[in-house]
Amino acid sequence: PQQQMQPPPQQQMQPPPQQQMQSAPAVQQAYALTQEDEYVLRSSTNMQTRFCQSMPKKMAEDVGKRMNNLDERIRAGQVSRDVVGQLVNYCQALERNDVNTASSIQTALTASHWDEHRQWLQALKWIQDHAKKSLQ
């Protein structure tokens, strides 16, 4: 006669809750911010202060939420060095009021990194659009 094999109990397949809780903080603490990361974080805050004041309230709030996503991802080490380098150039361009260069950088980032970073890339577009309006 054939014996039926029973699947193991579900408990054995899941790690104990303590192990899940212990591993989460270690991941966040493992990343040390670079000077470029810190520059982008400071500059993005300055851009929001500078350009969001002239935006409609809902848009400014949305930009704030999206830029918080960028902040969190940079602090967690989830933004590649290449992308951070391009963000440095974007921020520097806006600080010089060079909206055309900022726009080119944002377009390139969107073309190559939209799937991974769409949330905060949209905020960059809105910021540069407002920068262009405020400089005309």
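**Entry 1, H2 and H4.** I began with how helices H2 and H4 lie relative to each other in this predicted model, and I found that their axes come within 9 Å and cross at roughly 40°. Angles under 35 degrees count as roughly parallel, and the pair is therefore described as oblique. I noted the crossing of H2 and H4 as left-handed. On the H2 side the contact involves Glu36, Asp37, Tyr39, Val40, Ser43, Met47, Arg50 and Phe51, while H4 contributes residues including Arg81, Val84, Leu87, Val88, Tyr90 and Cys91.

Next I asked myself at what angle H4 and H5 pack. The angle is about 15°, and the axes are 9 Å apart. With the cut-off for roughly parallel set at under 35 degrees, H4 and H5 are therefore roughly parallel to each other. I also wrote down that H4 passes H5 in a left-handed crossing.

I then checked the length of helix H3, which covers residues 57-75. Its 19 residues, at 1.5 Å a residue, should span 27 Å, and because the C-alpha atoms at its ends are 27 Å apart, the expectation and the model agree. I listed the buried residues of H3 as Ala60, Val63, Gly64, Arg66, Met67, Asn69, Leu70, Arg73 and Ile74, and I saw that these buried residues pack against H2 (35-51), H4 (81-95) and H5 (99-135). Just after H3 I came to glycine 77, whose phi is positive, at about 75°.

Leaving aside neighbours within four places in sequence, I found histidine 113 in contact with Asp82, Val83, Gln86, Arg118 and Leu121.

**Entry 5, the whole protein.** Last, I stepped back to the whole chain and counted five helices and zero strands, which read along the sequence as α-α-α-α-α. Of the 136 residues in the protein, 34% are buried. The protein exposes about 9300 Å², of which carbon and sulfur atoms supply 49%. When I took the contacts between residues at least 6 apart in sequence, I found that 74% of them join residues at least 24 apart.

Conventions: Residues are numbered from 1 along each chain as its sequence is written. This is a predicted model: local features need pLDDT of at least 70, side-chain atom pairs count only at pLDDT 80 or more; totals for chains, interfaces and linings use all residues. Side-chain values use heavy atoms; hydrogens and water are left out. Helices (H or I, at least four residues) and strands (E, at least two) are DSSP runs, numbered from the N terminus. The expected span of a helix is 1.5 Å times one less than its number of residues. Buried means under 20% relative accessible area, exposed over 50%, partly exposed in between (1.4 Å probe, protein chains only). Contact means heavy atoms within 4.5 Å. Accessible areas come from the Shrake-Rupley method with a 1.4 Å probe; for residues, only the protein chains shown count as cover. Axes are lines fitted to C-alpha atoms, for helices over the stretch in contact, and angles run from 0 to 180 degrees between N-to-C directions. Angles under 35 degrees count as roughly parallel, over 145 as roughly antiparallel, 65 to 115 as roughly perpendicular and the rest as oblique. A crossing is left-handed if the near helix is turned anticlockwise from the far one by less than a right angle, and right-handed if clockwise.
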